[in-house]
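Please keep the sequence and the structure open while you read this note. Look up each element as it is named.

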Amino acid sequence: MLNLVGLILLFPLIGTAINGLIGKRLRKETVGYVACGSIGLSFFISVLVFCGLLLLPPGERLFEKQLFSWIESGSFKSTAGLQVDPLSSLMILIVTGVGFLIHIYSIGYMHEDKGYHRYFCYLNLFTFSMLLLVLGNNFLLMFIGWEAVGLCSYLLIGFWFEKKSASNAAKKAFVVNRVGDFGFALGIMLVFLTFHSIDFTEVFSAASHGNFEAGSFTVTIITLLMFMGATGKSAQIPLYTWLPDAMEGPTPVSALIHAATMVTAGVYMIARCNVLYMLSPFTMTVVASVGAVTALFAASIGLVQNDIKRVLAYSTISQLGYMFLACGVGAFTAGVFHLMTHAFFKALLFLGSGSVIHALSGEQDMRKMGGLRNHIPVTYKTFLVGAVAIAGIPPFAGFFSKDEILLESLVRGNLLYWIVGAVAAFLTAFYMFRLLFMTFHGVSRVEHHAMEHLHESPGNMTLPLTVLAALSFFGGFLGIPGASVINSFLAPVFGGHGHTEVSGAEAGVHHSAWLSSLMMVVSTAIALAGIFLAYQMYSKKPELPGKLAERFRVIYKLLLNKYYVDEIYDALFVNPIKKISVQLWKRVDAGMIDGSVNGIARLVGGFSNILRLLQTGYVRNYAFYIVVGCIFIIIFAVLGKVKF
Amino acid sequence: MITVTHYLVLSAILFTLGVVGVLVRRNAIIIFMCIELMLNAVNLSFVAFAHYLNSMQGQLFVFFTMTVAAAEAAVGLAIIVAVFRNKETVNIDDINIMKW
Amino acid sequence: MEAYLFYIMAAVAVASGVYLIFEKNPVFSALYLIQTMVSIAVLYILLEAQFIAAVQIIVYAGAIMVLFLFVIMLLNLDIKEEAKNALPFQRIPAVLMGIAFFTVICIVLRSKLLQGKHGEYTTAYINSIGNTKLIGNLLFTDYLLPFEITSILLFVAAIGAIMLAKRKL
């Protein structure tokens with residue numbers, strides 16, 4: 001069964017080819033069937049592969065399939081191969097599973113769009129790229145996938161490219177990602193220089209058995225460079241600014257790419273390279289700090305945003321911060337677990353918001369919603385499940401994963417991480433229920449014309465919502481503290497290196513069962529407090545937020561304008577670079593390069609203008625030259641030999 | 001005693017006259033006639049060489065030259081007639097459009 | 001006798017050539033050219049080339065020059081002053097080039113470069129067979145292929161002349 005792994009990649013690629021090449025001539029239904037069918041088959045194979053992996057004994061759950069020898073140049077060798085281990089098998093299940101649901105949802109959501117086949121072509125290509133990213137058995141293949149998902153993200157953010165804001169957002173996402181990818185590429189090169197290989201297995205075994213001391217300078221540089229790539233792709237400080245703007249794309253795209261899968265690539269990469277990261281405590285501190293700060297920072301911005309998708313976008317950034325916090329303290333399992341549950345409930349929330357937007361004919365401003373509870377009941381119920389899940393109320397999925405991260409950050413990290421994480425959790429619960437109350441409860445502020453068209457979404461949209469709601473509810477049971485299925489499943493990937501650390505952590509959990517229980521109570525209390533506050537402010541006393549905003553005017557403005565980060569970046573980087581580029585363009589390109597080329601052309605032209613005067617058009621003139629030529633020919637040919 | 005050199009000098013004089021004629025005259029027909037003069041000058045040197053070298057090849061060459069001259073005269077004069085019909089002139093200084 | 005004849009005919013040929021160049025009237029130019037050709041024909045007879053001399057009179061002076069005169073008169077070009085002289089400055093260099101050309105040729109002639117092998121067709125031998133018969137023999141034996149090709153050449157020239165002279169080109 002494991003041998004089938006190549007097919008997982010093949011189906012989405014075929015779907016891309018069909019929809020991309022002949023999609024224009026196909027009927028809409030066919031396009032949808034092709035796209036969903038390819039991902040569905042891919043998901044089916046993924047399940048088979050996953051089962052195949054489960055049949056193996058836990059210690060041997062690593063399967064590599066070499067496809068072909070790809071690049072051989074001097075000492076550099078790279079094969080194209082696929083690697084199935086617990087981590088990548090979990091990832092392919094998430095990618096194809098959530099991807100399948102979002103594909104189905106898209107059929108309903110994008111039905112009116114004229115770029116229907118283009119949309120599904122991109123979406124299939126994205127799935128292919130993401131699968132390549134998680135299945136690749138070496139850094140280079142991963143990088144290819146990494147870049148390809150970036151490309152698809154660009155294409156899909158700018159899907160409605162007629163809109164200036166959409167194409168700008170796409171450009172922004174692309175450029176910001178390049179900054180991170182630059183670091184990632186450098187990191188890969190440094191890996192090759194250090195380990196003389198880019199295969200995961202070779203590099204990691206060399207790293208764990210080699211002579212690299214913990215904290216070695218080279219490894220620190222490598223891991224920091226790679227983390228730079230992760231901050232770009234996974235929208236962490238300082239490269240997070242593209243993700244909120246990315247909401248210009250279609251909502252299912254936001255759900256799939258900018259919430260569930262692509263943005264978690266950074267977390268996956270760090271989890272994949274855990275051996276390297278464990279060797280560098282300094283980088284781990286950086287990762288944890290960046291994650292914690294991002295979690296708090298983004299959550300605080302999310303408090304005051306009024307665009308329903310932007311709130312979710314900042315929530316995504318914040319949740320990704322949690323995952324990095326987990327990875328940074330060495331709790332990779334917790335990070336990946338949260339990645340999985342987050343994929344479920346954040347996809348659910350995005351699709352739910354998409355359903356709301358769909359119902360309101362494109363309205364995204366929460367100030368123009370309210371009281372939708374009874375009009376779109378399925379959406380409301382599933383959205384409620386998602387909101388409860390992300391807020392962290394037991395027994396929903398988010399509770400277990402978030403609780404584990406908070407616990408690990410306290411056990412392995414320090415109190416500061418925990419406080420930041422807890423505050424962020426409080427904020428999360430607050431802004432999610434603010435969103436919920438503003439959208440579904442209270443009096444209706446919907447505009448009149450939108451009210452007339454208000455309708456519940458069709459079945460192919462509500463079905464994925466229901467499935468995802470179920471997953472958001474049950475998903476957490478994989479990681480119940482003490483009996484964590486996912487912990488033992490992922491142990492071979494994260495336990496390979498320092499066995500002591502993991503067992504130490506587990507021991508920590510076991511030995512402090514009271515701490516664990518306390519933490520559960522505390523985090524539940526925090527979440528409930530957040531929800532209660534939101535209820536007070538947005539359901540009971542709707543006039544309160546305005547008063548608060550009036551009172552703390554400075555802070556409110558600061559948050560509403562996202563701490564002016566975009567403006568600061570513009571002033572610090574974008575505008576100077578633009579100015580330099582304009583100078584380069586005008587002086588160097590237009591002046592020097594074009595000038596020299598044109599100058600040579602003008603010189604030749606000038607000479608020709610003089611020389612062409614020889615061509616008088618008068619036959620007698622030519623005859624004259626012929627005679628002169630004859631005289632010279634005779635002189636040269638004959639007179640040299642003359643003997644008198 | 002008349003040697004081959006006498007004939008050759010005469011041939012050279014006639015040929016040069018033809019060259020100068022081509023260079024200074026502007027009437028296409030006269031230029032054409034100057035070309036015939038140059039052909040004749042060359043023919044003369046051919047025959048002179050043939051005579052003094054006891055060979056028949058010179059005379060045969062002249063025979064072929066005359067044939068070519070006849071063909072050339074026919075086509076050339078036809079061209080001049082065609083040009084005249086289009087431009088109402090045979091002054092070759094008026095026929096100078098074949099240039100940049 | 002032979003020398004006198006040569007000098008007289010040479011003088012006539014050169015004088016006619018000079019007139020040919022400087023005569024304003026094309027008809028006179030043509031007549032001077034005929035005079036040159038006839039005097040050259042006389043020189044051919046002096047050089048024991050009777051057949052060539054006859055062809056010179058018949059083909060050149062007769063056929064070709066008549067064609068020339070015919071075209072001149074057809075186009076009615078006679079005494080008309082030549083209208084446009086685009087290259088007046090070329091006249092003196094042209095004459096100088098002509099002199100230079102002549103000088104160079106004379107230097108070549110003065111040198112011993114022009115040497116040839118003597119063949120077997122002595123005057124006595126040619127006279128014993130007959131000049132015309134000898135040429136005829138050679139044309140139809142050794143030079144048959146070039147001879148046949150001249151027929152094609154003349155044929156093509158005739159077609160070309162007709163095509164060019166057609167009203168609608």
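1. The model is predicted. Keep this in mind for every point that follows.

2. Begin with a pair of strands in chain A. Strand S1 covers residues 63–73 and strand S2 covers residues 76–84. The two strands pair in the antiparallel sense, with nine bridges between them. One facing pair to look up is A:Lys65, which stands opposite A:Leu82 of S2(A).

3. S1(A) and S2(A) form a hairpin, and two residues lie between the strands. In this turn, A:Gly74 has a positive phi of about 65°. How many of the eleven residues of S1(A) are buried? The count is one, and the strand is hardly covered.

4. Two packed helices are described by the angle between their axes and the distance between the axes. In chain A, helix H3 (residues 86–109) and helix H15 (residues 332–359) have axes that come within 11 Å and cross at roughly 5°. An angle under 35 degrees counts as roughly parallel, so H3(A) is roughly parallel to H15(A). H3(A) contributes A:Leu87, A:Leu90, A:Ile94, A:Val98, A:Ile102, A:Tyr105 and A:Tyr109 to the contact. Among the residues from H15(A) are A:Val336, A:Met340, A:Leu351 and A:His358. By class, the contact has twelve nonpolar residues, two polar and no charged.

5. A second pair in chain A is helix H8 (residues 217–233) with helix H11 (residues 265–272). Their axes are 8 Å apart and the packing angle is about 155°. Angles over 145 degrees count as roughly antiparallel, and H8(A) and H11(A) are therefore roughly antiparallel to each other. The contact joins A:Met226, A:Ala230, A:Thr231 and A:Lys233 of H8(A) to A:Ala265, A:Gly266, A:Met269 and A:Ile270 of H11(A). These residues divide into five nonpolar, two polar and one charged.

6. Turn next to chains B and C. In their contact, 71 residues of chain C meet 59 residues of chain B. Which element gives the most to the chain C side? Helix H3(C) does, with eleven residues. Other elements of chain C that give two or more residues include helix H1 (2–22), helix H2 (26–46) and helix H7 (144–165). By class, this side of chain C has 53 nonpolar, twelve polar and six charged residues.

7. Chain C also touches chain A. That contact takes 14 residues from chain C and 15 residues from chain A. On the chain C side, ten are nonpolar, two polar and two charged.

Key
Residues are numbered from 1 along each chain as its sequence is written. Chains are lettered from A and ligands numbered from 1 in the order in which they are written. This is a predicted model: local features need pLDDT of at least 70, side-chain atom pairs count only at pLDDT 80 or more; totals for chains, interfaces and linings use all residues. A residue is buried if 20 or more other C-beta atoms lie within 10 Å of its own, exposed if 12 or fewer, and partly exposed in between; C-beta atoms are placed from the backbone. Helices (H or I, at least four residues) and strands (E, at least two) are DSSP runs, numbered from the N terminus. Two strands pair if DSSP finds at least two bridges between them. Two residues are in contact if their C-beta atoms, placed from the backbone, lie within 7 Å. Ala, Val, Leu, Ile, Met, Phe, Trp, Tyr, Cys and Pro count as nonpolar, Asp, Glu, Lys and Arg as charged, and the others, Gly among them, as polar. Axes are lines fitted to C-alpha atoms, for helices over the stretch in contact, and angles run from 0 to 180 degrees between N-to-C directions. Angles under 35 degrees count as roughly parallel, over 145 as roughly antiparallel, 65 to 115 as roughly perpendicular and the rest as oblique.
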